[in-house]
Amino acid sequence: GSEAELRSRPSIASTVAYLDAPRLNPSSTEPVFLEDPRLGLASASPSPPPPWLEEQSRQGIALRPSLRGKAAMRCAAQDSSDDTSGILPVQEVQSAESAVSCLCFGQERSRSYVLLAAASDDGSAVIFRCPRTEMERAMVLNESQFPISPRFTPSSFFGPQGSGDGTLVASSAIAVHTHLKGHANAISSVFFSPSEDMLVTISSEEMSARFWDVDSGEMLQLVRDTRPLQAAMFLPLQPDVFLVGNSSGSLRLIDIRSGTVLQKVKAGSSISALASDATGSFVLAGSSSGSIYILASSGQGVLALQSEFLVTGEAVTGLSLVRPHDRTPAYLLATTASSVCIIDFIYAWSTTSVLNLAVRERLQPAFDSHTGLRCCCSPSGGGHVLCSAEDVDIHVHSLSGSCSSKVLHLKRHQAPVRAVTTNRQDTLIASGDALGRIVLWRRLNFV
């Protein structure tokens with residue numbers, strides 16, 4: 001009963017690197033947290049974390065620093081009643097006339113900039129270029145000492161005298177990369193392909209997914225379904241294979257080069273979220289019943305339903321894999337309408353299968369969210385969960401044991417925050433609100 005309409009396009013590059021695998025212990029017979037040894041990274045000697053990262057972990061601070069601020073700004077921040085731990089709004093832009101529905105950073109293939117995709121309720125989408133700071137470029141080069149970046153002042157981004165009027169300096173301001181127009185209804189999900197040459201937008205109302213050329217803005221492909229599409233992803237180890245789940249609980253694997261439906265899997269209840277584990281060998285499907293289905297990927301584009309774990313009494317509305325910078329095992333962030341679950345993977349060494357999903361922590365933000373929680377994670381400082389809310393703030397919850405009761409409130413928006421996301425480097429937060437405004441946040445390293 002499903003239909004796929006696709007136009008031809010060049011093959012996508014199939015190289016995807018996973019560099020966060022910790023050392024393994026083959027002699028252990030107990031279930032352990034591990035990455036797949038097939039990635040060939042177990043023998044690599046991890047470099048020690050830089051001193052600033054160790055200090056940040058001890059203090060439980062979110063986001064890696066990417067700008068240097070004046071010492072006077074630290075004093076002003078300490079005098080303020082709002083503790084933001086040096087995280088400040090640095091740029092602001094109008095994305096569309098309607099509310100921002102979702103945001104997503106790219107794969108960060110460029111040393112000069114980071115791509116940010118913003119989608120709206122009116123069906124439009126924009127890809128922005130966010131220039132990297134000198135500190136970010138130094139991180140990309142894996143330099144042990146960061147060069148001194150330009151001093152940060154509010155006027156560097158918001159115009160003369162720090163007016164905050166949205167007037168941006170051309171050399172440092174985000175710029176429009178591409179406009180994408182094709183959807184007639186709200187876009188419910190947006191994400192980049194592993195090679196970052198395509199952007200995928202999904203409209204649940206239209207029951208379709210569209211594939212766009214990132215640079216030209218041309219619509220390359222269209223995938224339709226007979227039921228609302230609620231989640232989709234590329235297979236990490238096979239980026240030419242696209243997985244989509246719908247409200248009837250069906251999962252389809254599609255070869256995006258030919259449009260061929262490779263496989264159909266019936267998981268049960270409505271599929272509302274998709275993600276992979278750190279190895280790329282397992283697909284995780286969140287459902288409306290509160291379960292997470294685990295499907296093993298053979299590497300040849302075939303999925304096998306392995307197990308089901310009930311993790312919550314509500315529908316799972318979001319899943320995302322979090323990779324800590326300190327090389328501790330990756331974990332899963334599962335979002336529902338009213339709570340966030342931090343979930344650990346427990347693997348079996350002998351079979352490289354997932355034995356269990358263990359809920360490490362369950363957060364219930366102290367505010368009402370009528371439209372459901374929109375969350376992301378900053379793995380820095382022991383881990384932080386960022387939640388958008390109707391009260392126009394971004395709530396930052398620490399996962400560190402010593403700071404677990406600490407909640408920061410990031411204030412800049414004048415309307416309910418509809419979307420929030422962090423980049424892979426964990427140096428940028430992007431948030432979008434009901435008025436179509438997007439704010440970029442950075443953490444300052446005060447000197």
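Biologist: In what sense do β18 and strand β19 (residues 291-297) pair, and over how many bridges?

Modeller: They pair in the antiparallel sense, and the pairing of β18 with β19 runs over 5 bridges. Please read this as a predicted model, in which local features need pLDDT of at least 70 and side-chain atom pairs count only at pLDDT 80 or more, while totals for chains, interfaces and linings use all residues. Residues are numbered from 1 along each chain as its sequence is written, and side-chain values use heavy atoms, with hydrogens and water left out.

A few terms come first. Helices (H or I, at least four residues) and strands (E, at least two) are DSSP runs numbered from the N terminus, and two strands are said to pair if DSSP finds at least two bridges between them. On the β19 side, Phe282 stands opposite Ala296, and the hairpin of β18 and β19 leaves 3 residues between the strands, where Gly290 takes a positive phi near 95°.

β18 itself (residues 282-287) is mostly covered, since 6 of its 6 residues are buried, where buried means under 20% relative accessible area, exposed means over 50%, and partly exposed lies in between (1.4 Å probe, protein chains only). Phe282, Leu284 and Gly286 point one way from the strand, whereas Val283, Ala285 and Ser287 point the other way, and all are buried.

Around that strand, the protein chain comes to 4 helices and 31 strands, and of its 447 residues 55% count as buried. Taking contact to mean heavy atoms within 4.5 Å, 53% of the contacts between residues at least 6 apart in sequence join residues at least 24 apart.

Rings of Phe, Tyr and Trp (its six-membered ring) pair if their centres lie within 6.5 Å, with planes under 30 degrees apart counted as stacked, over 60 as edge-to-face and the rest as tilted. By this rule the count comes to 7 aromatic pairs. One of them joins Phe211 and Phe242 edge-to-face, at 4.8 Å centre to centre and with 70° between the planes. This pair links distant parts of the chain, because Phe211 lies in strand β11 (residues 208-213) and Phe242 in strand β14 (residues 238-246), 31 residues apart. Both Phe211 and Phe242 are buried. The rings of Phe345 and Tyr347 have centres 6.0 Å apart and planes at 35°, so that pair is tilted; Phe345 is buried at 2% relative accessible area, and Tyr347 at 3%. Ring pairs also link Phe191, Phe211, Phe234 and Phe242 into a cluster.

His183, in the loop between β8 (175-180) and β9, is buried with a relative accessible area of 7%. The side chain of His183 makes polar contacts with the side chain of Thr201 at 2.7 Å and with that of Arg210 at 3.4 Å. Asp197, in the loop between β9 (189-192) and β10 (198-203), is partly exposed at 25%, and its side chain makes a polar contact of 2.7 Å with the side chain of Ser195. Asp197 and Asp213 are 16 residues apart in sequence and 6.2 Å apart in space, C-alpha to C-alpha.

As for cysteines, a disulfide is a pair of cysteine sulfur atoms within 2.5 Å, and by this rule the count comes to 0 disulfides. Cys102 is in no disulfide, and the nearest cysteine sulfur, that of Cys104, is 8.6 Å away; Cys102 is buried, with a relative accessible area of 9%. Cys387 is likewise in no disulfide, with the sulfur of Cys375, the nearest cysteine sulfur, 3.1 Å away, and Cys387 counts as buried at 1% relative accessibility.

Key
A polar contact is a pair of N or O atoms within 3.5 Å; within protein, one must be able to donate a hydrogen and the other to accept it, and residues adjacent in sequence count only if both atoms are side-chain atoms.
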